[in-house]
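The following paragraphs go through one protein chain step by step. Please look at the sequence and the structure before reading on.

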Amino acid sequence: MKKLLATTAIALALSMAGTTAYATTFTLDTTGGTASISSPKYLATDSFNDSYTFTLSSLTDISSAVTATFVTKNGGGLTSYSLINTTTNATIATGTSSNSAAGKNTIITFSVDASRLTAGNYALNITGKGTYGGNLTLTSAVPEASTAAMMLGGLAFVGMMALRRRRNEKNESALPTGMAAA
């Protein structure tokens, strides 16, 4: 009986070792407006549920794309891809996928486009089997300070030109009619 229990325990341990599942959280540095996303070196049979967290300090437009390449016979690849507001636990966007075959490999691309995100904490959650890589791109939805300054300067210039024109028209109308032609 002891031999049977020991053999069963060893068989169970070996069967569980072949189907490793990972749940890893990474922090993205988005200060440059873009961040690289790549999985650790998972095996094609390893399942994962990875989360990439980042913080937005202002209103921002975001786009992201992740590509997974896997050998078709291993049944790997991305299964879901979503953007979540971690403060409210609300799903902002769910990834859409497109497939293409490349020899024995299948390439799956998931992308998320979430426009006009408010300041706060967010996470990209990626699940599947195998390995993946991609990027996250942030673009400013609000004009930068230099752009706003140029717009204000242009508006001031147009205002000054309108004031000058109004003054010139007023001065011309105050002159006697015979002198206006000269």
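The protein chain has an average pLDDT of 74, and 70% of the residues score at least 70. Over residues 11-18, however, the pLDDT is below 50, and beyond near neighbours in sequence this stretch has one contact in the model. Where pLDDT is low, the predicted coordinates should not be read in detail. Among the elements of the chain, the lowest mean pLDDT, 49, belongs to helix H1 (residues 2-17), while strand S4 (residues 47-56) has the highest, 88.

The protein chain contains three helices and 11 strands. Read from the N terminus, the order of elements is α-β-β-β-β-β-β-β-β-β-β-β-α-α.

How much of the chain is buried? Of its 182 residues, 27% count as buried. The accessible surface of the protein chain comes to about 11,900 Å², and carbon and sulfur atoms account for 60% of that surface.

Strand S6 (residues 77-85) is mostly covered, with seven of its nine residues buried. In a regular strand the side chains alternate between the two faces of the sheet. Which strands does S6 pair with? One of its partners is strand S10 (residues 120-129), which runs antiparallel to S6 and is joined to it by eight bridges. Within this pairing, Asn85 has Tyr122 of S10 as its bridge partner. Strand S7 (residues 90-94) is another partner, also antiparallel to S6, and four bridges join the two. Here the bridge partner of Leu83 is Ala93 in S7. S6 and S7 together form a hairpin, with four residues between the strands. In the turn of this hairpin, Asn89 has a positive phi of about 60°.

The last stop is on the surface. Which residues form a nonpolar patch there? The patch is made up of Phe157, Val158 and Met161, and these residues together have about 300 Å² of accessible area. Phe157 is part of helix H2, which covers residues 145-174.

Methods: Residues are numbered from 1 along each chain as its sequence is written. This is a predicted model: local features need pLDDT of at least 70, side-chain atom pairs count only at pLDDT 80 or more; totals for chains, interfaces and linings use all residues. Side-chain values use heavy atoms; hydrogens and water are left out. Patches are made of residues with over 30% relative accessible area and no salt bridge: like charges are joined within 9 Å, nonpolar side chains (Val, Leu, Ile, Met, Phe, Trp, Tyr) within 5 Å. Accessible areas come from the Shrake-Rupley method with a 1.4 Å probe; for residues, only the protein chains shown count as cover. A salt bridge is a side-chain nitrogen of Lys or Arg within 4 Å of a carboxyl oxygen of Asp or Glu. pLDDT is the predictor's confidence in each residue, from 0 to 100. Contact means heavy atoms within 4.5 Å. Buried means under 20% relative accessible area, exposed over 50%, partly exposed in between (1.4 Å probe, protein chains only). Two strands pair if DSSP finds at least two bridges between them.
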